[in-house]
Amino acid sequence: MPCYRCGARQTDPVRGASPWKRGVRRESQVLICPDCQRLHDLDLDSCRTCGSTALICRLGEVECRGCGAVRMARARAFAGSGAPPGLSAEVEAALNRVLGRA
């Protein structure tokens with residue numbers, strides 16, 4: 001999954017914790033690269049209870065890592081495939097490389 005702001009791809013991390021961060025934007029889980037984390041306006045969703053942007057989205061729920069509040073994600077967030085644009089072409093190209101297709 002690329003950084004939602006700049007499109008940079010996450011590479012295999014060296015030992016230790018990854019410098020990439022997770023967030024929720026428009027009810028979907030996103031990754032934020034270290035460079036984009038320095039920006040002040042990341043346009044991330046915030047907790048309705050405490051205002052924190054430390055949210056995670058999983059199994060149709062959005063959970064705040066700050067206060068623990070959990071709410072259901074809006075249904076419209078799951079209406080499409082959820083795949084970032086161009087991902088299917090990247091997957092197809094990777095499969096062709098691995099399977100030796102021309």
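How many helices and strands are there in the protein chain?

## Overall architecture

The protein chain holds 2 helices and 5 strands, where helices (H or I, at least four residues) and strands (E, at least two) are DSSP runs numbered from the N terminus. Read from the N terminus, these elements follow the order β-β-α-β-β-β-α. This is a predicted model, in which local features need pLDDT of at least 70 and side-chain atom pairs count only at pLDDT 80 or more, while totals for chains, interfaces and linings use all residues. Residues are numbered from 1 along each chain as its sequence is written, and side-chain values use heavy atoms, with hydrogens and water left out.

Of the 102 residues in the protein chain, 25% are buried; buried means under 20% relative accessible area, exposed means over 50%, and partly exposed lies in between (1.4 Å probe, protein chains only). Among contacts (heavy atoms within 4.5 Å) with a separation of 6 or more, 34% are between residues 24 or more positions apart.

## Nonpolar cores

A nonpolar core is a set of buried Ala, Val, Leu, Ile, Met, Phe, Trp, Tyr and Cys residues joined through side-chain atoms within 4.5 Å. The largest such core has 9 residues, namely C3, W20, V30, L31, I32, C33, C36, L42 and L44, and strand β2 (residues 28-32) gives the most to this core, with 3 residues. A second, separate core of 7 residues includes V24, C47, C57 and V62. In soluble globular proteins, nonpolar side chains tend to be buried together.

Leaving aside neighbours within four places in sequence, L31 is in contact with M1, P2, C3, Y4, Q10, W20, K21 and R22.

## Salt bridges

The whole structure contains 4 salt bridges, each defined as a side-chain nitrogen of Lys or Arg within 4 Å of a carboxyl oxygen of Asp or Glu. In one of them, the side chains of R25 and D43 meet at 3.1 Å, N to O, and this pair links distant parts of the chain, with R25 in strand β1 and D43 in the loop between α1 (34-37) and β3 (55-58), 18 residues apart. D43 is partly exposed, with a relative accessible area of 42%.

Another salt bridge joins R71 and E27, whose closest N and O atoms are 3.2 Å apart; R71 lies in strand β5 and E27 in the loop between β1 and β2, so the pair ties together parts that are 44 residues apart in sequence. Both R71 and E27 are buried, R71 having a relative accessible area of 17%. Apart from neighbours within four places in sequence, the contacts of R71 are E27, R48, G60, E61 and V62. By contrast, D35 and R38 are both exposed, and their salt bridge has its closest N and O atoms 2.8 Å apart.

## Accessible surface

The protein chain exposes about 7300 Å², of which carbon and sulfur atoms supply 53%; accessible areas come from the Shrake-Rupley method with a 1.4 Å probe, and for residues only the protein chains shown count as cover. V91, L95, V98 and L99 make a nonpolar surface patch of about 390 Å². Patches are made of residues with over 30% relative accessible area and no salt bridge, with like charges joined within 9 Å and nonpolar side chains (Val, Leu, Ile, Met, Phe, Trp, Tyr) within 5 Å. V98, placed in helix α2 (residues 87-99), counts as exposed at 69% relative accessibility.
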